[in-house]
Amino acid sequence: MTDASFDLQRDAFGRLVLTTAGGARHAGVTPVRAFPIAAPDEGLSLVSAEGREIAWAEHLSDLPAPARALIEEELASREFMPEIQRIVEVSGFICPSTWRVLTDRGPAELRLKGEEDIRRLSRTRLLIADSHGIHFLVRDVGALDRRSKKLLDRFL
């Protein structure tokens with residue numbers, strides 16, 4: 001289905017409702033990013049409550065402003081991935097360890113269970129899972145300050 005062939009609204013229960021050009025109504029639609037970290041604005045699927053894809057958009061920017069706003073609002077309520085900007089302190093270099101970090105959402109503390117909880121997504125990008133299941137993103141290791149890189153190197 002092309003991105004212009006549907007209408008998107010919220011119902012009285014706050015669920016997203018997609019109506020196709022043919023008039024078919026799908027309540028409880030969920031937006032899903034194809035590449036949430038590498039290309040968050042490219043490849044967006046709208047999935048029915050039964051788990052079937054009912055609409056696809058190549059780029060989020062291709063969608064009309066009202067639908068785009070609803071989708072971004074829905075994604076923001078589900079996605080929580082703070083971006084680490086600086087590693088302030090590490091409790092020790094043996095896991096488990098507690099890290100105090102500065103993120104794009106403010107200061108945070110995470111508990112690293114083991115080195116395997118640090119996943120390299122690309123040459124410069126890391127995903128760190130803490131013991132509570134929260135994922136922290138390091139978008140560019142090279143952009144971190146010298147001290148942060150030194151602390152991080154002990155775990156890589």
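## Strand 8 and its surroundings

Strand 7 (84-90) and strand 8 (residues 97-103) pair in the antiparallel sense over five bridges. Two strands count as paired if DSSP finds at least two bridges between them; helices (H or I, at least four residues) and strands (E, at least two) are DSSP runs, numbered from the N terminus. This is a predicted model, in which local features need pLDDT of at least 70 and side-chain atom pairs count only at pLDDT 80 or more, while totals for chains, interfaces and linings use all residues. Residues are numbered from 1 along each chain as its sequence is written, and side-chain values use heavy atoms, with hydrogens and water left out.

Strand 7 and strand 8 form a hairpin, and so do strand 8 and strand 9. The table sets the two pairings side by side.

| Pair | Sense | Bridges | Residues between the strands |
|---|---|---|---|
| Strand 7 and strand 8 | antiparallel | five bridges | six residues |
| Strand 8 and strand 9 | antiparallel | seven bridges | two residues |

Which residues of strand 8 are covered, and which are uncovered? The covered face holds S97, W99, V101 and T103, while T98, R100 and L102 make up the uncovered one. In a regular strand the side chains alternate between the two faces of the sheet.

T98 is partly exposed, with a relative accessible area of 22%; buried means under 20%, exposed over 50% and partly exposed in between (1.4 Å probe, protein chains only). Leaving aside neighbours within four places in sequence, T98 is in contact (heavy atoms within 4.5 Å) with E89, V90, S91, E109, L110 and R111. The side chains of T98 and R111 are joined by a polar contact of 3.4 Å. Such a contact is a pair of N or O atoms within 3.5 Å; within protein, one must be able to donate a hydrogen and the other to accept it, and residues adjacent in sequence count only if both atoms are side-chain atoms.

W99, on the covered face, touches I87, L110, L112 and I128, among others. W99 is also one of the residues with the most contacts inside the largest nonpolar core, which has 18 residues. A nonpolar core is a set of buried Ala, Val, Leu, Ile, Met, Phe, Trp, Tyr and Cys residues joined through side-chain atoms within 4.5 Å. Elements giving two or more residues to this core include strand 8, strand 9 (106-112) and helix 2 (146-153). Strand 7 gives the largest share, three residues. Apart from this core lies another, of 16 residues, among them F6, I54, A67 and L75.

Further along, three strands form an open sheet in the order 10-11-12, with antiparallel pairing. Strand 10 (118-120) and strand 12 (135-138) stand at the edges, each with a single partner strand, so one side of each is left without a neighbour in the sheet. R119 stands opposite L127 in strand 11.

Finally, the whole chain. Its secondary structure comes to two helices and twelve strands. The radius of gyration, taken over C-alpha atoms, is 19 Å, well over the 15 Å that the globule rule (2.2 Å times the number of residues to the power 0.38) gives for 156 residues, so the chain is more spread out than a compact globule. Of the 156 residues, 40% count as buried.
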